[in-house]
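Please look over the sequence and the structure below before reading on. The report after it moves through a few places in the fold, one heading at a time.

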Amino acid sequence: MNSSQACAWQRYTYPVGDIYDGEWNQEGRKHGYGMLVMTDGTKFVGKFNNGFCEGPGLLKFPDGTSYAGQFAQGKYNGPGTFTRSDGMKFEGEFANGKVDGLGLVTFPDGTHGKPRQEGYFLGTELIDCRKATEAVAKAKQAATEAAEIARTVVTNTEWGKGHVHK
């Protein structure tokens, strides 16, 4: 077995109080599917690769803000949906942990702004207004996949089995 294969499912509490419940590789790194709960209440549920969030995942912050979609090297990367605690969301493309690409902003009241906040974004700035239908569809699909995986992973953890009382 090599480091690219998950070899065990185990729950571990780190000295700082963070808890990981999921698959590990032989080198002792988070690898495969699992759930990481940090001491500040931030939770990541999804796939890991050699210790990093990689592939589909759901990240929830204590204030209710969340990201559901693809990760690479521990950062938002690829299609996904970022939803603020007030309900405002961006559905679209991310790179290296930031909004970078085509997408659509939806405000808490369900509108998209005037002018419509759709097109190519770099960070919080709309660079070029244009249709982003395909990117938004991919973001929604990635968010749905991440949520489905999160439900499955949580079911396999001590939390999902009802063994952890926090």
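## The largest pocket

The lining of the largest pocket is made up of 9 nonpolar, 4 polar and 3 charged residues, where Ala, Val, Leu, Ile, Met, Phe, Trp, Tyr, Cys and Pro count as nonpolar, Asp, Glu, Lys and Arg as charged, and the others, Gly among them, as polar. A pocket here is an open set of points on a 1 Å grid over the protein atoms alone, where a 1.4 Å probe fits, with protein on both sides within 12 Å along at least five of seven lines, and lining residues have an atom within 4 Å of a point.

The largest pocket holds about 280 Å³ of space, and among its 16 lining residues Phe82, Met88, Phe90, Val99 and Thr124 are the closest to its centre.

## How the model is read

This is a predicted model, in which local features need pLDDT of at least 70 and side-chain atom pairs count only at pLDDT 80 or more, while totals for chains, interfaces and linings use all residues. Residues are numbered from 1 along each chain as its sequence is written, and side-chain values use heavy atoms, leaving out hydrogens and water.

## His31

Is His31 buried or exposed? His31 counts as buried because its relative accessibility is 6%, and buried means under 20% relative accessible area with a 1.4 Å probe and protein chains only.

The side chain of His31 makes a polar contact of 3.4 Å with that of Asn49, a polar contact being a pair of N or O atoms within 3.5 Å, one able to donate a hydrogen and the other to accept it, with residues adjacent in sequence counting only if both atoms are side-chain atoms. A polar atom of the His31 side chain also lies 2.9 Å from the backbone nitrogen of Asn50.

How values were computed: Buried < 20%, exposed > 50% of the residue type's maximum accessible area, 1.4 Å probe, protein only. Points joined across faces, edges and corners; volume = space filled by probe spheres on them.
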